[in-house]
Amino acid sequence: MAEPPESATLRALLLRADLALRLQGELSALENVPVRWVHSSDLVDPTPFLSEGLLLLTTGTQFVPDAAQPDADSRESYDAYVRRLRARGVAGLGFGTEVVRDGIPPLLVDACAAHGIPLFEVPYRTPFIAVARANAEAIAAEAYARRSWALAAQRAISLAALRPDGLGASLAELARQLGTWVGLYDTAGSLARSFPEGQLEEDLGPELAREAVAVLRGGARAASSTRIRGRAFTLQTLGRGGHLRGVMAIASEGLDQAARGVVTSVIAMAGLALEQTHDLARARGMLRAGLVQSLLSDDPRLARRVARELWGGLPAAPIVVGLVTDVGRNSDAIAAFLDLRAGERQARVFFGRGDEGLVICVEADDVALIEELAAAFGLAVGVSEPAGYDAFARAYREARLASAEGPGVTRFGALARRGVLAAAQDGAAREVARATLAPLEQHDAAHGTSLAESARVWLEHDANGDAAAKALGIHRHTLRARISLIERLLHRDLRGFAARADLWAALQLSR
């Protein structure tokens, strides 16, 4: 950021020859302590009327002994006075000489040195009001300089926005005006723009990306500050609440009002640019959805022609189809994630909305992309077996069945290896299973028996009474009696295969 021509600091006041202020100590050791205002008081304890960062001027009448304060000129009195000023955050103390006494009391010099408060002499010819006016002029000049800088910065950023890559040029100009690093994270939490290039330390990148993702997941417009390994960052979301388009990160904190105004103007322009990009992405999304319907007809000719013109083509067969039935509030972020990966992988991924959720098509050996997506957003994704485009509809059905299995990636092949019952896990099948077994469970609850478990073990041993009884640890006649009771409670004859299979299916679905 541009340095103002004059700063409202104690050092600047001491360097003004017209004031003739004389510091007690070395000027080179004095920091550029900001002075918010100048006040004068001869009270013994003026701190109730002071604020932090204020410069206090005094003539020292409070240190003249009298009947009320016989020890006013003692070391303890000076030490207590300066200690109170230090605790209140006073920036410095000016002592007006030749009004009450000549020179600065040595004990006051010692107390200020001990407590680290800058002490300077205000000669008799310099009125206190001149010191206050000089500081007020410096504050006004500094404020004017910052306003002028802000107007010039906003003008430069507005001109940058007219360039072909308006968003990138605006962010680059903001980084130049602020004199620091500025980055833009997309809705997937990836660093899309960085200015100046290469100035963000590699070890800070992953942690800053996680902070950006956390802000995005909140879903609301927000500004926040964070510190990563000692370096401060300001994060500002872009877009509307519930429709965030990204996060702007600035390697700085505590921006003043002028700098915040410049940043706000860039946020407005960036938000508008990203909204326009989103509208374009929405149109592309509608086109993709139409191509999904075309692919579901098992005729890829139209989809291939359109995809070749717009995205470089479809993934090469054999392919696998993934289906996400519930994307939650992350639809924009997921689309941005897949768009980014599609650009990186040169047409090895295609995606679009289907009637039942988000359809993803990748080459058969590239399922890792779907696994990355599921892990990044906590999604449940069903994935088909490898297929050609002439069997896209079958692959879609396989993905739909696998998607019901829960969080993470479920391959249809793994589902099929678990048997036909693995595909009958819907609510209706489970309700029928529970109703079938209800008489056994009610009997077990009322009489402390274990009919349901006995039936399961008996069927697991192919209805072999001796083997099942041994596994249960009971006599075979006891097991035979239990099976007879089960048949009466269920009103079915378990000597036939169909009845046994139906009971086995009920036992499996009720787990």
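This is a predicted model: local features need pLDDT of at least 70, side-chain atom pairs count only at pLDDT 80 or more; totals for chains, interfaces and linings use all residues.
Colleague: Let's start with α16. Which residues does it cover, and how far does it reach?

Modeller: Helix α16 runs over residues 476-490. It has 15 residues and spans 21 Å from its first C-alpha to its last. That is close to the 21 Å expected at 1.5 Å a residue.

Colleague: Which residues in α16 are buried?

Modeller: Leu-479, Ile-483, Ile-486 and Leu-490 are buried. They sit on the same side of α16, because they cover an arc of only 60° around the axis.

Colleague: Why do residues three or four places apart point the same way?

Modeller: An α-helix has 3.6 residues a turn, so residues with that spacing point the same way.

Colleague: What comes just after α16?

Modeller: His-491 does, and it takes a positive phi of about 60°.

Colleague: Another histidine now. Where is His-443, and is it buried or exposed?

Modeller: His-443 lies in helix α13, residues 427-447. Its relative accessibility is 17%, so His-443 counts as buried. The cut-off for buried is under 20%.

Colleague: What does His-443 touch?

Modeller: Leaving out residues up to four places away in sequence, His-443 touches Gly-448, Thr-449, Leu-451, Leu-485 and Leu-489.

Colleague: And Arg-394?

Modeller: Arg-394 is in helix α11, residues 392-403. At 34% relative accessibility, Arg-394 counts as partly exposed.

Colleague: How far apart are the C-alpha atoms of Arg-394 and Phe-337?

Modeller: They are separated by 26 Å, and the two residues are 57 apart along the chain.

Colleague: New topic: helix pairs. At what angle do α14 and α15 pack?

Modeller: About 130°, with their axes 8 Å apart. Helix α14 is residues 451-460 and helix α15 is residues 465-472. The two are therefore oblique to each other. The crossing is right-handed.

Colleague: Which residues make that contact?

Modeller: Ser-454, Val-457 and Trp-458 from α14. From α15, Gly-465, Ala-468, Ala-471 and Leu-472 take part.

Colleague: How do α2 and α3 cross?

Modeller: Helix α2 (residues 75-88) and helix α3 (residues 106-115) cross at roughly 40°. Their axes come within 9 Å. So α2 and α3 are oblique to each other. Their crossing is right-handed.

Colleague: Which residues make the contact there?

Modeller: On α2, they include Arg-75, Tyr-78 and Asp-79. On α3, Leu-107, Leu-108 and Cys-112 are among them.

Technical notes
Residues are numbered from 1 along each chain as its sequence is written. Side-chain values use heavy atoms; hydrogens and water are left out. Helices (H or I, at least four residues) and strands (E, at least two) are DSSP runs, numbered from the N terminus. The expected span of a helix is 1.5 Å times one less than its number of residues. Buried means under 20% relative accessible area, exposed over 50%, partly exposed in between (1.4 Å probe, protein chains only). The arc is that of the directions from the helix axis to the C-beta atoms. Axes are lines fitted to C-alpha atoms, for helices over the stretch in contact, and angles run from 0 to 180 degrees between N-to-C directions. Angles under 35 degrees count as roughly parallel, over 145 as roughly antiparallel, 65 to 115 as roughly perpendicular and the rest as oblique. A crossing is left-handed if the near helix is turned anticlockwise from the far one by less than a right angle, and right-handed if clockwise. Contact means heavy atoms within 4.5 Å.
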